[in-house]
Amino acid sequence: MDTVLRIIIQRLALGLVTLLVVSIVIFVAVNLLPGDFAELILGQSATPDAVASIRRDLGLDQTMVVRYFDWLGGMLTGDLGTSFAQLNFQTNLGGGGGVTVVEQIAPRFSNTLFLAGVTAMIAVPISLLLGVLAALYRNSAFDKFTNIFTLSSISSPEFFMAYVLILFLAVLNPILPSLSNIYEGMPLSERFEKSLLPALTLTLVVMAHMMRMTRAAIINLLASPYIEMARLKGMSPMRVIVKHALPNALAPIINVIALNLAYLITGVVVVEVVFVYPGIGQLFVDSVKIRDIPVVQACCLIFAAAYILLNLTADILSIISNPRLRHPK
């Protein structure tokens, strides 16, 4: 137990250091984006004095180092700043008016988590089932068809899969709505229905990785001596895989599931834009268009934190499920 606790602490410390480095990269990259928010807001009336006044009120006239440490200090206290786009430019900008970034992101992030949860509930069980069956009947027609189907789906861009599903499930056969215009207070059943089409799109994208990793991990274990012994005892092939092979293949399967769950949070930008889904990906794209720096930085930081956290979780669960990883040679 002490070994596991020490490994968990080490992984968490490594995750924090990684997040700090990523925050520096995010801040520098976002602030190097072309365009100026002050000039964009003022439009044709962007005189040098007016632009300088807005930049001074927003703190954009300070050096990048000062602004980064101000942002980092606010981030550590839960203050991600105020959205530039929500400020009232008829009032004193320095007075702290407007909508905070947290207030703007919170409902959008909740929607994205809901979409990721619906996708995970569909994709993970189907992928594990297909992976187990493909390993059980490897080199059969079912195995070949499953591999071809999943590889075709993952090789297609997300927007292409989205439009194909819209065509067949919303236009030619009006089963599901083509737009996911959900709102706060919507009944759960209706929210689920409107989120189902983007969830199916994401399922087709992430299912191949999980299915093929499950298949490869199980096939790799089927040649082990204890599997041969279980077969010699007369156990059915399905029981051998479920009871003996699958538990020992959890480590790589957990890793690939965690990576794909991270993608469901960080890679939903295109899908949310296609279906006009009011998630954090849609907010991110809109904020980049208008150079809303605080919101863009916060979205990037959330993407990075989710990816790092899920990778750390996968790493820790793999170590717990496989004792050999606790004492690497």
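The legends below describe close-up views of the salt bridges in this predicted model, for which the count comes to three.

**View 1. Salt bridge between Arg-11 and Asp-315.** The closest N and O atoms of Arg-11 and Asp-315 are 2.4 Å apart.

**View 2. Salt bridge between Arg-215 and Asp-143.** The side chains of Arg-215 and Asp-143 meet with an N to O distance of 2.8 Å. Here too the pair links distant parts of the chain, with Arg-215 in helix α8 (residues 188-221) and Asp-143 in helix α6 (residues 141-155), 72 residues apart. Both partners, Arg-215 and Asp-143, are buried.

**View 3. Salt bridge between Glu-228 and Arg-231 within helix α9.** Glu-228 and Arg-231 both lie in helix α9 (residues 225-232), where they are three residues apart, about one turn of the helix. The closest N and O atoms of the pair are 3.7 Å apart, a distance that counts as a salt bridge because the cut-off is set at within 4 Å. Glu-228 is partly exposed, with a relative accessible area of 35%, and Arg-231, at 38% relative accessibility, also counts as partly exposed.

Terms used. Residues numbered from 1 in each chain as written. Predicted model: local features only at pLDDT ≥ 70, side-chain atom pairs only at ≥ 80, totals over all residues. Heavy atoms only, no water. Helix = DSSP H or I, 4+ residues; strand = E, 2+ residues; numbered from the N terminus. Buried < 20%, exposed > 50% of the residue type's maximum accessible area, 1.4 Å probe, protein only.
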